Structures are given as structure tokens and as C-alpha cells.
Amino acid sequence: MRRARGFPRSAVVVASVLALAVVGCGGGGPAGAPARAVVGKPVHYVALGGDDVYGGRRSLTTAWPQLLFRKHLPVNATLVNLASPRHGGAEILRDQVPTAIRLHPDIVTITLIDDLERATPPQTVQRELSTIISELRTVDGVRILVGTAPPDTGTAEARSQFDSAVVAAAHALRDKIVDLSGVSATDADLRADQIAEAFGRQVATR
Amino acid sequence: MTWADAWVVAVRGIRRRFSRAVLTVAAVALAAALLTSLLIAVGAARNRVFSAVSKGGPLTGIQVLPNAPDFGQLDSDSAKPAEPRPIDDSVRRRIQGLRGVTSVVPLLSTGVFVVPSPPKQAKAGSGAARAPDPFRGTLTGVDLGRAEQLPVTVLAGVLPAPGALDEIAVTDAYLRKLGLRSTQSSSVIGTQVELGAPRVFSDGNRDVTVRGQWSKATIVSVVAAQGTSGQLIGSLAVVRAARAWTAASDTTGRSGTDQFVREVIGDSQYSGLFVVTAGFDSVGTVRESITRIGFSSSAPESLIASVRRYSTVVEIVLTAIGLIALTIAALGIANAMLAAVRERRREIGVLKAIGARDRDVRRVFLLEAALLGLVGGAVGTALGYALARLVGLAVNRYLHQQGLTGVAIGLPIGIITVGILGSGALALVAGTIPAQRAAQLPARRAMGDA
């Protein structure tokens, strides 16, 4: 009988089919989770102010700092709202600024609605706001955003609650302080969602 | 005659009676498919039951609570916690040092204020979908890099990346807070949740205030988790950040504030430990040791032991059914081979006339039988796997409709070995008598009869 040289082709074919069947039946395990990047250093945002920042009659979920944080800040941002009811410049300077400095924020917003309601003399507001800004500037790399008017003055009815001369004076002061201090400012004479958006635009312009 | 020569003759024999060979292979394949699909089904069902019992964690896991053990704890799978007892690193190290313990995974939890986003259906529906109400919840942190050691089953999505600060998993309790059923898990995946960790601020004699440090996270999965009644599960980093914020509270201003802080973050450094033991037999002894150290624990050891017993019985019965089918197929091979011997007497005579020995002839027929068995086994194993996958698809569709995790249909190497090599071995046994008969056929008689 003729001796075959090596194994015949049919043997190789059968062995290959068996091997393929074994490998093919191996079945894939569950697909691994897609690799996701872990975000870097968080952006710390601190809100200072009075009734409008605190929320007042609004719920936590609709106060404008929460809207700003929710919609306009990156996913790795944190928010601490230090505002309290009836806090104007003097109270903010006394109670909120020291805490804010300890928190080393990257962004701070300040609004002074309660001073408008109390008709605090513009010179006093100017002095307090300037001091607040200069103290906050001791934090490395902090970005300060200033607004002065209440959130609900977008409607004629709400606007009528305030003396237009006071509002105009406050806006003029705000502009002056912005010019002097180089901080960012927004026209906060808007509704909550518009305030959040206005501040959000300023955050994005950096 | 060499093995290669025997192979050539065997393959030619099969080719010459190809139709019969195909039918014989088909019979073996069907039997192997039945055996394979039954074994796969039993394995998948057993794994699914174990996974449900252990909540996806290892079967050898023990949950340790920050409480003293109650009398009679070891008689029950459930924990019977007594008074609170903090778990710190020294306790963790003591438990890690116990004989039979392979790993200890710490669990951290903290109270948070949760502001959920509307689920996706609500967003897709009317534009004015009302946001769900905020609620006080519990955030549990685990080492997500060791997720396979934890009693966590992913119902939908993927687990948060280890160390991620912006990804979070939610439990069924979160869905219930939003008024959703477990079948609606996918509607919360990809939505955002805001978490507020509380901190007490006090300024001299003035009233204390509680401020939240808010962070955002995207929900990446819905999970079932043992050992936590909380709504949210995240990385240890997320929980550590929240606990650190709360722990920095100024509790000197007014009495009762320290109680508030304790309620939020607890007295214990860890809110629990998950202990993995070396084997199922070690669970009982390790639980005893943990009880002696002074901590309450739970482990589904009795339940798992019962399930194991029942599943073994089912496995034996179904394997027997598959083996009976395979034996019938082997008898078919024997029958086909006997017919082949009868029909190929002349060929056998020629082989012997040109010098083939009895063992050469035996080798040809055994090779032929083994080849039929192996090919039939391979085809049948693949067929059985495909069948099991099809059944698995139908079963998983039903389970997903019920809001449960599906079964994973895998093909372990053991089943491939049994399916292919078992078929080949049975075919070899079945071919022994025909091969022996062919080998013992005298050359002259074989030629004469032809």
C-alpha cells in the first residue's frame, strides 16, 4: 500500500472544521462597558445674595443659582448657595463673604436685591459691594459676576414695586463698580431663568 | 498500514456511502444538540437563580453591618442587628485577616438631598413635563473597580466608571420615588440628578443654617443591590466628597446639630463591609468569626445550599436524558457500521490480500466511526448552542418585560468537551464491535463472499 506523505488534506479539513466549531461556539461574554473619561478638577460656584438668590417663595429647584448651576455650568461643577433672606450688602459682607473665601470658589455671583427693596443709599451699596469684591479677590483665580436687580422685575407689575430712580441708580452704581473692579456684570432685571442664562453666557465667555 | 493510510481508506468509505454517513452524522448531531442545549439551559438557569439570590455578587459573599450581632444570628441567613457599632479600618483589617477571607470591600453611605430630572418619556412627551419632587435620599459609595465582588446586578446601562464624580447608578427605590416601574429603567438612564450634601453653618449666637453643596451626576445605570436601601450608588470618591462636606459642619452653635450630622453620615467610618470568602464552605465559619469579633452579618448561605442541591438533581436528570439520546445515536452508528462491514467484505478481503493486518482493518473502521461521531458532535454542539441562544432570546424578552435581568447564554468549555469528545468516544465504543468483526474476517472468505 502506498504510504501517504504526511496527513491527507481531508484530515486537515476535518480538524479545521472541528477547531472552528469549538472556537465559534465559544460565545461572547457580555460586552465590556465603554471606557469613559473621568472628569478633571471640579468648578466650585458660590452664590451670595438675599431673597432672590435664596429662593424666597421659589423652591430650591427653581431658584436662579440652581438653574445657572443646572443648565450653564459643566457637569463637574459644585454649587454652594450662601444666600439668606433679607441679606443686603452689609449682611453679605459680614456673614457670607468669610464663608465664601474659606470655600475657595472658582466662580462667585453677587446680587443685591434687598438693598434695592430697603432703599439703601447708593453710596453705601457702592462701598459695601466694593469691599465684597475686594475681599473675594483674595481667592486665587476667582471669577466674580455681579447683578443688582431683583428677578421678578421683568413684569411691569413687579417693576412698579420699586422706585425707578433707585433701580436706575443701582444699575449705574453696578456699572461703575464693574468699571473700577474689572468684574463681570449682567443685567439682572430679568426673570429667574433669564438671570441664569445671562450669568451662564458670562461664564461661557471666559 | 500507517494512520494516514487508515484515514484515507476510512474517508473513502464514508464518501462511497455518503448518504448513509450524512444520516448517521445527523442522528449524532441531533442527540448532541439535545444534550448541549439541555446542559446550557441548566447552567444558565442555575446561574440566573444564584445571581438573583446573591444579587449579582459572589455566592461566597457576606454582608457586615455596623451593628453588634444579636443572639441567634448564625441560625439565619438574614442579619439580626443589635445596637450600632462603628466599623473602622481596624475592624476591616481584623476581618481581612480571618482564615478563609479573600477580600473585604468597604461600603460608604451618606444622606443627600436629591433633585431628579424628569425621566425621558416625560421629556419626550408634553414639553411642560413637571419635574419630579426633590427628596431626601441615601447615596452609597462602593469601589467600582471591584464591582464583580459586590452584590450589585446591573438591570440597565453600565456601572459608573471607578472614581467618576459625574456618573451614578440608581436603584429600584429611585424609580419608585419617580413613580416609575422597574420595566421603565431605561427612561432614567442619561438623565441628570443633583445631589446636595448638607452642612451646618453656625455663627456665634445666631441661628444655625444648613447649606447644601450641590453636585451633578448623570445616571448611567439602574441596579439591584444587596446591603443598601438607598436610591443612589456611586464611586467612593463621590461619597467621600459629600461626607467630607457634611463632616465639616460647625456643631458648636446649637444643641442637636451634632445629632443631625450623625444622622446624615453616621458614627461609623464605613457603613458596611462586603466580605468575599475563599469558598462556599468557608461562609459559615467566617460568619462565626465575624460574630465573635462583634458584628452583625448576613449571607444567603442556606438558600444557596438549597438551590445548589435542587439544581444538581435537575442537572443529573437532564444530562441523563441527553446521554440516552446520545446512546441511541451511538447505536445508530453501530448499525451503520455493521451494514458497512457487510457491504465492504470484498474491500476488506483486498486490504488483507495486499498485506493489511487485522489491527489495520480495525483501525480503519474505528477511525470511520470516530470521524462520524466527532463531526456529528461538533455540528450538534453548535446546533445546541444556537438553539439555546434562540430560546434565551425568547426568555430574555419575557424577563425584560417583567423588569428583570436576562439570562446569559454561554458555552462553557466543559459542555464543548462533552458534546464533541463525548460523541466521538461513544461512536468509538459503538464502532468497536463492527470494527472487530471486520478485523476478524478471513481474507479468503471475504474475497469469496464478494
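I started my notes at His104(A), which lies in the loop between helix 4 and strand 3 (107-111) of chain A. I kept in mind that I am looking at a predicted model.

I checked the backbone of His104(A) next and found a positive phi of about 50°, although this residue is not a glycine.

Is His104(A) buried or exposed? I counted 12 C-beta neighbours inside 10 Å, so His104(A) is exposed; the cut-off for that label is 12 or fewer.

Then I went back along the chain to Arg86(A). Where does Arg86(A) sit? I found it in the loop between strand 2 (77-81) and helix 4 (89-102) of chain A.

Arg86(A) is exposed because 11 other C-beta atoms lie within 10 Å.

I listed nine helices and five strands in chain A. Following the sequence, I wrote down their order as α-β-α-α-β-α-β-α-α-β-α-α-β-α.

How much of chain A is buried? I noted 38% of its 206 residues as buried.

My last entry is on contacts. Taking those in chain A between residues at least 6 apart in sequence, I found that 81% join residues at least 24 apart.

Note on methods:
Residues are numbered from 1 along each chain as its sequence is written. Chains are lettered from A and ligands numbered from 1 in the order in which they are written. This is a predicted model: local features need pLDDT of at least 70, side-chain atom pairs count only at pLDDT 80 or more; totals for chains, interfaces and linings use all residues. Helices (H or I, at least four residues) and strands (E, at least two) are DSSP runs, numbered from the N terminus. A residue is buried if 20 or more other C-beta atoms lie within 10 Å of its own, exposed if 12 or fewer, and partly exposed in between; C-beta atoms are placed from the backbone. Two residues are in contact if their C-beta atoms, placed from the backbone, lie within 7 Å.
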